[in-house]
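Me: Please give a close account of one part of this structure. Which residues make the nonpolar surface patch?

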Amino acid sequence: MTMTYSYEKAKKSFDLIFKKAALDGKVAIRKDNQIYILMPASKNVSPLDVEGVDMGVTSEDIINFIHESRNKL
């Protein structure tokens, strides 16, 4: 559930509003019969940005494998 704060309360407790938005995903702020939504920007993280796995294979092993596979053609 999105918390709604008045503009005056939001202005007085800005740090709390940011923390709440980070935890809940968004916070609503009401001012002059309008509602504004504050939410954290999404992080630009690539789905391909994954942690590597040590397979115990050296660069030399990979190069040898490539040479062997090309010689079999």
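Reply: Val53, Met55, Val57, Ile62, Phe65 and Ile66 make a nonpolar surface patch of about 640 Å². Patches take residues with over 30% relative accessible area and no salt bridge, joining nonpolar side chains within 5 Å and like charges within 9 Å; areas are Shrake-Rupley values with a 1.4 Å probe, and a salt bridge is a Lys or Arg side-chain nitrogen within 4 Å of an Asp or Glu carboxyl oxygen. The model is predicted, so local features need pLDDT of at least 70 and side-chain atom pairs pLDDT 80 or more, while totals for chains, interfaces and linings use all residues. Numbering starts from 1 along each chain, and side-chain values use heavy atoms, without hydrogens and water.

One member of the patch, Val57, lies in the loop between β3 (34-38) and α3 (59-71). Val57 is partly exposed, at a relative accessible area of 48% (buried is under 20%, exposed over 50%). Of the 73 residues in the chain, 11% are buried.

The strands form an open sheet ordered β1-β2-β3, with mixed pairing (at least two DSSP bridges per pair). Because β1 (3-6) and β3 each have a single partner strand, they stand at the edges, and one side of each lacks a neighbour in the sheet. Strand β1 runs parallel to β2 (residues 27-31), joined by four bridges; tyrosine 5 has isoleucine 29 of β2 as its bridge partner.

Terms used. Helix = DSSP H or I, 4+ residues; strand = E, 2+ residues; numbered from the N terminus. Buried < 20%, exposed > 50% of the residue type's maximum accessible area, 1.4 Å probe, protein only.
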